[in-house]
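Colleague: I have just opened this one and have not looked at it before. Could you walk me through it from the beginning?

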There are 2 protein chains.
Amino acid sequence: MADNGKKLDPRILRTRKLIESSFLELLEEEDFQSITIQDITDRATINRSTFYAHFDDKYMLFDHIIRQTFMQSIKSKVLLSAEFSMNNLRSLIIAVCDYLTRLNWQYRPTDLQLKPVIETQVQSQLYKILFNWIKPLETDFENLNPSSELTASMLSWSIYGIGLQCSQLGELISVEEVADQALDLLSGTLFSSPSFESVEMA
Amino acid sequence: MADNGKKLDPRILRTRKLIESSFLELLEEEDFQSITIQDITDRATINRSTFYAHFDDKYMLFDHIIRQTFMQSIKSKVLLSAEFSMNNLRSLIIAVCDYLTRLNWQYRPTDLQLKPVIETQVQSQLYKILFNWIKPLETDFENLNPSSELTASMLSWSIYGIGLQCSQLGELISVEEVADQALDLLSGTLFSSPSFESVEMA
DNA sequence: CGAATTATGTTGTTAAAACAACAAAGGATC
DNA sequence: GATCCTTTGTTGTTTTAACAACATAATTCG
């Protein structure tokens, strides 16, 4: 997904990694707001102006970091290349819960401005994952079924919602139980659609 | 000592550090001989030809590494800026023993070719340290005393020899005891010279 | 031994990072 | 509100690293 085929100059890769890891380190030490570009570039041992060759600003960097860490976390727990199945959906839900929970603990929740950024990135990445899963299931009766776009959108928001719930309740609940409950609800919706008649529970 | 006043381009510092740490990592994993320039530069995420902009070859890099790690180790245990005293000399002896012992354990002793390189670097650095200590003690009766150069040379080789002895005997002996014995021998020699009449034992 | 592969150094060109200097926006302080 | 100071973005120039290509040791292997 977004796997750039062209070989990038090693210096670019190195510089980006330095920026990313410096920023992640700083995020564990202080608030997002109080971090300056200079702080980041100092720690990365690069020039301040070089930062702007890679990212528009701090916010774009944060976008990128969330997208990247989210996809890394998901890829380590879910086979994105696999086909759609209730089991894969379950894994995805649990992975999202885990990610958002970790995010809640790892970084100060003081920055209210960050929540919408995280929301946008996580939901849009979920949409892409789900759309790639669902698209192949499209039947010939397109007019009878909800479109893959609509299904992916709805599912992505549902899963984001579940993840948010989990991350807020924290240790009080079992992630797996929540995932199973959510699957029950979702399966009712999904199986009413002809596209999903072949998708069975394990 | 060799403290270059001019500000170096951060890229140069970063590249050198990357080369140095990659090389040190590789030295812990395999023999010096089997390490290629490509191995080093791959791990350092730099281009192979960039290596040659910083070091002539693998051997020059090793020279530099020994010099650097030696001075780092010494500086952490001896105040080089201080003046000459038996106590400082004792600290220096112990520090050299520690360094050479660690070198013996850390890296494979299979590379016989490395010993002379280490010898050269350690002795020459010791010479510089000792010369800077001894020089201020020179009296006006230069013709009566052994020159600072001769004294520094003799002492540096003596201390290197002590360090070698310690590193070979390993845990069998107490570094401090050896240092004290050596100091007894050295003080006999040193105190016969008018330059050292003011240098007392603690 | 001889061929094939691999490692070493070198060179000229291209792309990226460093640097310095600037204008402008944002915050703090009086 | 005026002032000072910090941070932000931008730009043009210089320096360094990447790259590709080459010739030449040095190794490996049949």
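Modeller: Going along chain A from the N terminus, the elements run α-α-α-α-α-α-α-α, and please keep in mind throughout that this is a predicted model.

Colleague: How many helices and strands does that make for chain A?

Modeller: The secondary structure of chain A comes to 8 helices and 0 strands.

Colleague: And what share of the residues in chain A is buried?

Modeller: Of the 202 residues in chain A, 44% are buried. As for how the chain packs against itself, if one takes the contacts in chain A with a separation of 6 or more, 71% of them are between residues 24 or more positions apart.

Colleague: Let me pick a single residue, then. Where is A:Thr15 placed?

Modeller: A:Thr15 lies in helix H1 of chain A, the helix that covers residues 10–29.

Colleague: Is A:Thr15 buried or exposed?

Modeller: A:Thr15 has a relative accessible area of 10%, and because the cut-off for buried is under 20%, A:Thr15 counts as buried.

Colleague: Which residues does A:Thr15 touch?

Modeller: Leaving aside residues up to four places away in sequence, A:Thr15 touches A:Ile46, A:Thr50 and A:His54.

Colleague: Changing topic to the two chains: how many residues of chain B are in contact with chain A?

Modeller: On the chain B side there are 5 residues in contact, and they meet 5 residues of chain A. The area buried between chain B and chain A is about 380 Å², with carbon and sulfur atoms giving 38% of that area.

Colleague: Which classes of residue are on the chain B side?

Modeller: The side of chain B that touches chain A has 3 nonpolar residues, together with 1 polar and 1 charged residue.

Colleague: What is the count of salt bridges between chain B and chain A, and how many residue pairs are in polar contact?

Modeller: The count of salt bridges between chain B and chain A is 0, whereas 2 residue pairs are in polar contact across the interface, both at pLDDT 80 or more.

Colleague: What rotation superposes chain B on chain A?

Modeller: Chain B is superposed on chain A by a rotation of 180°, with 0.0 Å of shift along the axis and an RMSD of 0.0 Å. The two copies are therefore related as by a two-fold rotation axis.

Colleague: Which C-alpha of chain B is nearest the axis?

Modeller: That is the C-alpha of B:Arg11, which lies 5.3 Å from the axis. Both copies also use the same surface, since 100% of the contact residues of chain B recur in chain A.

Terms used
Residues are numbered from 1 along each chain as its sequence is written. Chains are lettered from A and ligands numbered from 1 in the order in which they are written. This is a predicted model: local features need pLDDT of at least 70, side-chain atom pairs count only at pLDDT 80 or more; totals for chains, interfaces and linings use all residues. Side-chain values use heavy atoms; hydrogens and water are left out. Contact means heavy atoms within 4.5 Å. Buried area is the accessible area (1.4 Å probe) that two parts lose on being put together, summed over both. A salt bridge is a side-chain nitrogen of Lys or Arg within 4 Å of a carboxyl oxygen of Asp or Glu. A polar contact is a pair of N or O atoms within 3.5 Å; within protein, one must be able to donate a hydrogen and the other to accept it, and residues adjacent in sequence count only if both atoms are side-chain atoms. Ala, Val, Leu, Ile, Met, Phe, Trp, Tyr, Cys and Pro count as nonpolar, Asp, Glu, Lys and Arg as charged, and the others, Gly among them, as polar. Copies are superposed by least squares on the C-alpha atoms of residues with pLDDT of at least 70 in both. Helices (H or I, at least four residues) and strands (E, at least two) are DSSP runs, numbered from the N terminus. Buried means under 20% relative accessible area, exposed over 50%, partly exposed in between (1.4 Å probe, protein chains only).
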